[in-house]
Amino acid sequence: GASFRVREISVVATLTVTGYSNRLGAHIRGALNVGAPPDFLRWTMTNCGYFCESSSVTKAQAILDKAVG
């Protein structure tokens, strides 16, 4: 199966595209805790912009900024 890192990144991408930001913070922290680099998460979110509204990406990146501190 997929590693925890790949799973969390996949969930972050899915939540970004679908706009479910209320669960996004927990999964961003989970991805960071299993070793996903913040820059890679930001890149993933940026690429999600091809599949959703830009406001979803902006909101997701703000949640990432808050999690990284």
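## Nonpolar core

A nonpolar core is a set of buried Ala, Val, Leu, Ile, Met, Phe, Trp, Tyr and Cys residues joined through side-chain atoms within 4.5 Å, where buried means under 20% relative accessible area, exposed over 50% and partly exposed in between (1.4 Å probe, protein chains only). The structure is a predicted model, in which local features need pLDDT of at least 70 and side-chain atom pairs count only at pLDDT 80 or more, while totals for chains, interfaces and linings use all residues. Residues are numbered from 1 along each chain as its sequence is written, and side-chain values use heavy atoms, with hydrogens and water left out.

The largest nonpolar core has eleven residues: Ile9, Val12, Leu15, Leu24, Ile28, Ala31, Ala36, Leu41, Met45, Ala60 and Leu64. Two or more of these residues come from each of α1, α2 (21-33), α3 and α4; helices are DSSP runs (H or I, at least four residues), numbered from the N terminus. In soluble globular proteins, nonpolar side chains tend to be buried together.

Contact means heavy atoms within 4.5 Å. Not counting residues up to four places away in sequence, Leu64 touches Ile28, Pro38, Leu41, Arg42 and Met45.

Thr16 belongs to helix α1 (residues 4-18) and has a relative accessible area of 1%, so this residue is buried. Beyond its neighbours within four places in sequence, Thr16 contacts Leu24, Met45, Cys48, Cys52, Ser56, Val57 and Ala60.

## Packing of α2 against α4

Two packed helices are described by the angle between their axes and the distance between the axes. Axes are lines fitted to C-alpha atoms, for helices over the stretch in contact, and angles run from 0 to 180 degrees between N-to-C directions. The axes of α2 and α4 come within 9 Å and cross at roughly 45°. The two helices are therefore oblique to each other, given that angles under 35 degrees count as roughly parallel, over 145 as roughly antiparallel, 65 to 115 as roughly perpendicular and the rest as oblique.

On the α2 side, the contact is made by Ser21, Leu24, Gly25, Ile28, Arg29 and Leu32, and on the α4 side by Lys59, Ala60, Ile63, Leu64, Ala67 and Val68.

A search of the whole structure finds zero disulfides, a disulfide being a pair of cysteine sulfur atoms within 2.5 Å. For Cys48, the nearest cysteine sulfur is that of Cys52, 6.1 Å away. Cys48 is buried at 5% relative accessible area, and Cys52 is buried at 17%.

Tyr50 lies in the loop between α3 (38-48) and α4 (54-68). With a relative accessible area of 69%, Tyr50 is exposed.
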